[in-house]
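Have the viewer open as you read.

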Amino acid sequence: MQLDDQYFMRKALVEAEAAYAMDEVPVGAVVVINQQIIARAHNLTERLHDVTAHAEMQAITSAANFLGGKYLKGCTLYVSLEPCVMCMGALYWSQLDRVVFGAHDLKRGYLSKGVVPHPKTTVLGGVMEAEASALLTRFFQKKR
């Protein structure tokens with residue numbers, strides 16, 4: 001059975017829900033190779049007191065450890081929110097084949113800052129955007 005982008009984005013949203021439950025900004029990510037999830041992560045910036053502990057950064061580290069190398073060639077990262085500049089920089093160096101994200105981040109996302117992905121990386125945005133956006137909206141409304 002061929003699993004699609006929505007299937008894996010749902011898995012990233014499960015991670016985002018875990019972040020929400022921990023009072024972290026609800027962003028989740030999974031890394032997939034050959035239709036298999038090799039890394040799951042969510043934001044841990046509050047828990048770890050670390051501004052770099054974004055879901056993408058956690059997922060990159062976990063996937064690299066799983067594969068035993070620093071490059072994630074052949075992998076796809078699914079993340080519920082458009083990566084920020086820091087994360088897209090790390091994704092650039094990890095050389096993923098694809099990045100698939102849910103909600104756009106018009107204020108802090110890499111697209112608004114003119115950052116470009118690795119030339120061999122394709123990016124697809126807006127997958128399950130309504131679900132990802134709704135979770136973020138619910139989180140920030142609770143904070144206000």
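What share of the contacts in the chain with a separation of 6 or more comes from residues 24 or more positions apart? The figure is 57%, with contact meaning heavy atoms within 4.5 Å.

## Ground rules

This is a predicted model: local features need pLDDT of at least 70, side-chain atom pairs count only at pLDDT 80 or more, and totals for chains, interfaces and linings use all residues. Residues are numbered from 1 along each chain as its sequence is written, and side-chain values use heavy atoms, leaving out hydrogens and water.

## Fold and size

You'll find 5 helices and 5 strands here, laid out along the sequence as α-β-β-α-α-β-α-β-β-α. These are DSSP runs numbered from the N terminus: H or I with at least four residues for helices, E with at least two for strands.

The C-alpha atoms fill a box of roughly 40 × 35 × 25 Å along the principal axes. Buried residues (under 20% relative accessible area, 1.4 Å probe, protein chains only) make up 46% of the 144 in the chain.

## The core

The largest nonpolar core has 37 residues, and Met 9, Val 31, Leu 77 and Tyr 78 have the most contacts inside it. Such a core is a set of buried Ala, Val, Leu, Ile, Met, Phe, Trp, Tyr and Cys residues joined through side-chain atoms within 4.5 Å. Elements giving two or more residues to this core include α1 (5-21), β1 (28-33), β3 (75-81) and α5 (129-143).

Take Leu 77: leaving aside neighbours within four places in sequence, its contacts include Ala 29, Val 31, Ala 59, Leu 91 and Val 99.

How values were computed
Buried means under 20% relative accessible area, exposed over 50%, partly exposed in between (1.4 Å probe, protein chains only).
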